[in-house]
Amino acid sequence: MQTKISGTGLTKITDHWSKSIVDLAIDSARQAISESNTSPDMIIFANTLSSYSSSQENLSTIISEELGLSDITTFKLESSSCSGAMAVNIGHKLLNSDNLESVLIIGAEKMTDLSPAETIKATALGESYEYTQFFGITMNSLYALFSRLYMEKYDVTSEELSQFSVLSHKHSVTCKHAQFNREFSLDSINKSATISSPLRMLNCSPIGDGSASLVLSKTNNSNFDDVNILSSTSSNSSTSFFSREDLLKFYSTTSCLNKSLAESKIKLEDIDLLEIHDVVPAITANILETMGFSKPGNASSDVLSGRYDLNSKVTLSSSGGLKARGNPLSATGIYQIIEVTRQLQNRSHADLENKNIGLCHNMSGIDSNTVVHVLGVAN
Amino acid sequence: MSVSYWRLRDRYYRIIGSICDSCNYESFPKFNTCPKCKSHDISDKEMPHTGKIISYTLSYESMPGFEHELPMSIGLIKLDNGVNIVSQLVDSEVEDIKINANVKAVFRKINADGNSGQIYYGYKFKVINA
């Protein structure tokens, strides 16, 4: 199977008070279509909150109409926080199994129309309503329970784990579409307000509106270098992390990585760019350790030693990741793929050299459903 | 919320999960296919009402309707049969909420539909022998 990324488009992640979810989706979609110099045969719209945050469904039809595209196949795909990458995964499969030339993937999330309390509920919609939301258990509190388990097992402190937040903000400074363009010191992160102990505000990914779009196609008509999807894999495990035999084991991530390496025929050491679901530091650390980029318990000290810096062999979250670029849920996985694509085409905010292979890891919940893409420049 | 609450009230009141009739795997909440052996022969099983804290957090943010609970203590509890459950921790001093603390289930009000609407009840846990 061969899929090229022939168009990209995105909005800044921020509070878009004057724009609806449709306005945001159209902004990014028009950029992607324009870059690709094609008209898509199919549109997949990735979103998880629209019925709650915008009281609107049937958005794929509405957005297609607003884009002036009719008589095509268009539908919405919902898979919680990994909706964006899952839409790319499905688009890639359909492109290669059907009589299609190009597929437009749009991810959009409108989060700031909700009140703060409603937003907290919105981020937990992917967990069990009956056994978590009913009891008022928030998503950040589940992340916090996981974080303490990680800290206990590896004897790592929350202050040490905050190195990941420092790194994310350092990388987003020059990224114009990132939600935050400023650095934070380790001290200020560790003194920020507690959200759910041990997690502090500057450890948690923020709330923001955003949209990102991609055109996947068999031929690249854009003015940019070919970037190919070398593998596209997905895997699910239990929805709640606490019902797993090993509470710290990321079963879906492990499976996706193994399938990705086999499908793309690359080795782990070939990967130069990493975009992972770095939603809070302990989860970031556990993903890196699960994938083998750091030894178990060592990821935060590896950050401190510079292993994941912009100009290191493996760059982590070159536009700031979920923490600093932002996390508009269903658009996040598409922002990740665009970041790697533009880095490989040497047109990103950070001018990184000798980058040929990138891996994007997007998940819902705590590794309950995971999607991994490996991207590479054409040989 | 009323109908789904009515449907689940017994599970909320008595912590009723599932046991696999084929391999005896137990879990909470209930399941329809055994995660261990994939059997569909599943029965209801009341979980033990005691266990130990294996992780905990003090949350300063709330969903709509839980503002009055802040800050909310939440525990990840390993019940005496090895099944994990996440629950609010109540009637406990913050300094007593720690790893390996013994806890037991208590019956409490969870939420309500305004001042004159339905009241929802269910399990919470408290630290014992602190």
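Predicted model: local features only at pLDDT ≥ 70, side-chain atom pairs only at ≥ 80, totals over all residues.
## Two helices at an angle

In chain A, α6(A) packs on helix α11 (residues 281–291) at an angle of about 55°, with the two axes 8 Å apart. That is why α6(A) and α11(A) come out as oblique to each other.

The crossing of α6(A) past α11(A) is left-handed. On the α6(A) side, the contact is made by A:Tyr143, A:Phe146, A:Ser147, A:Tyr150 and A:Met151, and they meet A:Ala282, A:Ile283, A:Ala285 and A:Asn286 of α11(A). Sorted by class, that's 7 nonpolar and 2 polar residues, with no charged ones.

## Where chain A meets chain B

Chain A puts 28 residues into the contact, and chain B puts in 27. On the chain A side, α5 (116–122), α6 (139–154) and β5 (194–196) each bring at least two residues. The largest share, 7 residues, belongs to α6(A). The chain A side as a whole splits into 11 nonpolar, 12 polar and 5 charged residues.

## One face of α3

Over in helix α3 (residues 59–66) of chain A, the buried residues are A:Leu59, A:Ser60, A:Ile63 and A:Ser64. Looking down the axis of α3(A), they fall within an arc of 130°, so they line one face of the helix.

Those buried residues pack against α1 (21–36), β2 (42–46), α2 (50–53), β3 (73–77) and β4 (102–109) of chain A. Just past the end of α3(A), A:Gly68 has a positive phi of about 80°.

Conventions:
Residues numbered from 1 in each chain as written. Chains lettered and ligands numbered in written order. Buried ≥ 20, exposed ≤ 12 C-beta atoms within 10 Å, placed from the backbone. Helix = DSSP H or I, 4+ residues; strand = E, 2+ residues; numbered from the N terminus. Arc of directions from axis to C-beta. Contact = placed C-beta atoms within 7 Å. Nonpolar A, V, L, I, M, F, W, Y, C, P; charged D, E, K, R; others polar. Axes fitted to C-alpha atoms, helices over the stretch in contact; angles between N-to-C directions. Parallel < 35°, antiparallel > 145°, perpendicular 65-115°, else oblique. Left-handed = near helix turned anticlockwise from the far one by under 90°.
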